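Subject: Structure handover

Hello,

Here is the structure for you to look over. My notes follow below it.

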Amino acid sequence: QVQLVESGGGLVQAGGSLRLSCAASGRTFSRYAMGWFRQAPGKEREFVAVISQKGTITRYADSVKGRFTISRDNAKNTVYLQMNSLKPEDTAVYFCAADRGDGYFYAPEKENDFSSWGQGTQVTVSS
């Protein structure tokens, strides 16, 4: 599939902002729907956001809607997650993921809908 590398995680106080980036390899990046997931200590990995191949459609988990924004720049093979108004409960390892790259958008939200995963980047929000 495609190789993904996340960056931009770190430590921030509640109410602050972070911007995560996910750099992808390959010349067919525009055929992949891209998603963000997160996994907090002691919890299951959960869906955060997904964006369609051309960036025209986005979907968010209820817990982050209105605070997080997913975007992509296909010319740079990069997907972003802008996180504002961060809360301690946002603390987690954040993972970038790519679907199977067939060019169709089915609004995937399950882990099994995605074929490629990054290594994750830690986001810690202090109170």
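A residue is called buried when its relative accessible area is under 20%, exposed when over 50%, and partly exposed in between. Thr78 has a relative accessible area of 10%, so Thr78 is buried. Bear in mind that this is a predicted model.

**Thr78 and its surroundings**

Thr78 belongs to strand 8. A polar atom of the Thr78 side chain sits 2.8 Å from the backbone oxygen of Lys76. What does Thr78 touch, once neighbours within four places in sequence are left aside? The contacts are Ser21, Cys22, Ala23, Phe29, Arg72 and Asp73.

**Salt bridges**

How many salt bridges does a search of the whole structure find? It finds three.

Take Glu46 and Arg38 to begin with. They form a salt bridge, with the closest N and O atoms 2.7 Å apart. Glu46 has a relative accessible area of 30%, so Glu46 is partly exposed. Arg38 is at 5% relative accessibility and therefore counts as buried.

Arg38 also meets Asp90 in a salt bridge, at 2.9 Å from N to O. Arg38 lies in strand 4 (residues 34-39), while Asp90 lies in the loop between strand 8 (78-83) and strand 9 (92-98), so this pair ties together parts that are 52 residues apart in sequence. Both Asp90 and Arg38 are buried.

The side chain of Asp90 meets that of Arg67 as well, in a salt bridge of 2.7 Å, N to O. This pair also links distant parts of the chain. Arg67 is in the loop between strand 6 (58-60) and strand 7 (68-73), and Asp90, in the loop between strand 8 and strand 9, is 23 residues away. Arg67 has a relative accessible area of 11%, so Arg67 is buried. Asp90 is at 1% relative accessibility and is therefore buried too. Through shared partners, the salt bridges join Arg38, Glu46, Arg67 and Asp90 into one network.

**Nonpolar core**

In soluble globular proteins, nonpolar side chains tend to be buried together. Here the largest nonpolar core has 35 residues. Which residues have the most contacts inside it? They are Met34, Trp36, Leu81, Met83 and Tyr94. The elements that give two or more residues to this core are strand 3 (18-24), strand 4, strand 5 (46-51), strand 7, strand 8, strand 9 and strand 11 (121-126).

Leu81 is worth a look. Neighbours within four places in sequence aside, Leu81 is in contact with Leu18, Arg19, Leu20, Trp36, Val48, Ala49, Phe68, Thr69, Ile70 and Tyr94.

**Strand 11**

In a regular strand the side chains alternate between the two faces of the sheet.

Now the pairing. Strand 2 (residues 10-13) and strand 11 run parallel, joined by four bridges. Gly10 has Val123 as its bridge partner in strand 11. Strand 9 pairs with strand 11 in the antiparallel sense, over three bridges. There, the bridge partner of Tyr94 in strand 11 is Thr121.

**Where to begin**

I would open the salt-bridge network of Arg38, Glu46, Arg67 and Asp90. Then turn to the core around Met34, Trp36, Leu81, Met83 and Tyr94.

Best regards

Technical notes
Residues numbered from 1 in each chain as written. Predicted model: local features only at pLDDT ≥ 70, side-chain atom pairs only at ≥ 80, totals over all residues. Heavy atoms only, no water. Salt bridge = Lys/Arg side-chain N within 4 Å of Asp/Glu carboxyl O. Buried < 20%, exposed > 50% of the residue type's maximum accessible area, 1.4 Å probe, protein only. Polar contact = N/O pair within 3.5 Å; in protein donor to acceptor, adjacent residues only side chain to side chain. Contact = heavy atoms within 4.5 Å. Core = buried A, V, L, I, M, F, W, Y, C linked by side-chain atoms within 4.5 Å. Pairing = 2+ DSSP bridges.
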